[in-house]
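User: I have a protein model to read. Can we go through some of its terms together?

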Amino acid sequence: MTSRLFDLVQGVWYQSPSQTSTIEAIKITQITEDSRRVTPGTLFVALRGVHADGHLFVPKAIEAGASAVVVEELPKEQVEGVVYLVVEDTAKALGELSARWEGNPSEGLTVVGVTGTNGKTTIATLLYRLFRSAGYRCGLISTVCNYIEDEPKAATHTTPSAPELQRLLRQMKDAGCTHVFMEVSSHAMAQHRTAGVHFSGGIFTNLTRDHLDYHGTVEAYLKAKKSFFDGLDKDAFALTNLDEKSGPVMLQNTRAKKYSYALRNPADYKARILERYPYGTSIELCGKEVLVQLIGDFNVYNILAVYASALLLGMEQDEALCHISTLKAVDGRFQTLISPHRGYIAIVDYAHTPDALVNVLDTIREIKGKDAKVICVVGCGGDRDKGKRPIMAHEAALRSEKLILTSDNPRTEKPETIIQEMLDGLSSSEQSRTLKITDRAEAIRTATMLADRGDIILVAGKGHETYQEINGERHHFDDREVIKAQFAQEV
């Protein structure tokens, strides 16, 4: 695919008059923000990142054959034959250029974005499954995996880079998809990865402590989430959780049609929990009773958001309820495995924030037997918010009879250091029933050996992930595989 540069930038970007004729003649073969991917004819966009400034790689990009570069500051020396486009924000420009390059695919799709600290993956995935079961052709963009109908596409980020995102949307449109459900991370909003995407709706789940290593403060984190709703058009819907104190904030400046959901507070879409079971939850949705195959109050919020969104997208109430009753848990989200020989339960969950860990453990304590004990295996990621480490350990200790602190994705940090920082959040009595086992597989195996019939083990933090990142390298690791292998040895 090639395009005249003039077609991409006409009437949008800043350019010097002397370059106009050159712009009209130049052919572009691809757009990228990665100088390592530049080939002859590339339009290179220089992004200012956290760890590096793409402007420093402009010479490298030109040397590799870039025909044009998009910058926020014009270099002191320009190379003959190369077009320089100066914009106020290169990240935003990358999104809008990528959208135009792919033919603005989102304009022919119903795209719904889900943002918040917890629940994004579950809500986006359940919406994707619900609408597919109702006969729609759908795409999914999520942390776990991207899908074009039933064709999986590996996911590397919660929200892909702008060029990759627009390419996915283009492929989905070409495949005949009508609806796309996607997670929208705070990083993506801060970095304008969704610039150029026309959203038909937005959903807010909740906001708790997370990603402070990137955003710096909770206020900045909230602002990034809110910017998603601020950017919605007037023909879109904005759906927020009114049981969350940040819920109303998301709607303050949006032009979209405003809707709300809640269990406790008055809202447009209400749910009430009727009965909790080990295999599901009986709930009332806007006056209609339904049994869902998901466990926990947090999942009732997820189901309610899915139900409200389905109706806002035009689905009839009875049809939505029918499909909701068949939905099952998402991989790595409260995923339950039962020991066939010893009768204990192991639950794998992605909970990696204090709030998420509390929600999952509270749910486990609600469904466990009277004399059963809870064993929690948890760690914290390296090179991330250190402040939550002692908090997570303390919350886990409060809700577990036995706590095992272990390695998560230590990345470039020493796992022993991370575990010690978690341990510092525990009282002496909590430490007395806590084990430190750095090797995650050994920590999981130890938990299974401590478990008796009816006990529940929570393995938290990694969920669906099939790798462990150590010293900057990813090694294959899957919590579920370790648990199943232990089951096999219990014959």
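User: Where is G54 placed?

Analyst: G54 is in the loop between β4 (42-45) and α3 (58-63). Helices (H or I, at least four residues) and strands (E, at least two) are DSSP runs, numbered from the N terminus. This is a predicted model: local features need pLDDT of at least 70, side-chain atom pairs count only at pLDDT 80 or more, and totals for chains, interfaces and linings use all residues. Residues are numbered from 1 along each chain as its sequence is written, and side-chain values use heavy atoms, with hydrogens and water left out.

User: Why is G54 called buried?

Analyst: Buried means under 20% relative accessible area, exposed over 50%, partly exposed in between (1.4 Å probe, protein chains only). G54 has 9%, so G54 is buried.

User: Which residues is G54 in contact with, leaving aside neighbours within four places in sequence?

Analyst: They are F44, A46 and L47. Contact means heavy atoms within 4.5 Å.

User: Into which domains is the protein chain divided?

Analyst: Domain 1 (3-101), domain 2 (103-326) and domain 3 (335-488). The bounds come from an automatic or database domain assignment.

User: What is the area buried between domain 1 and domain 2?

Analyst: About 880 Å², with 62% from carbon and sulfur atoms. Buried area is the accessible area (1.4 Å probe) that two parts lose on being put together, summed over both.
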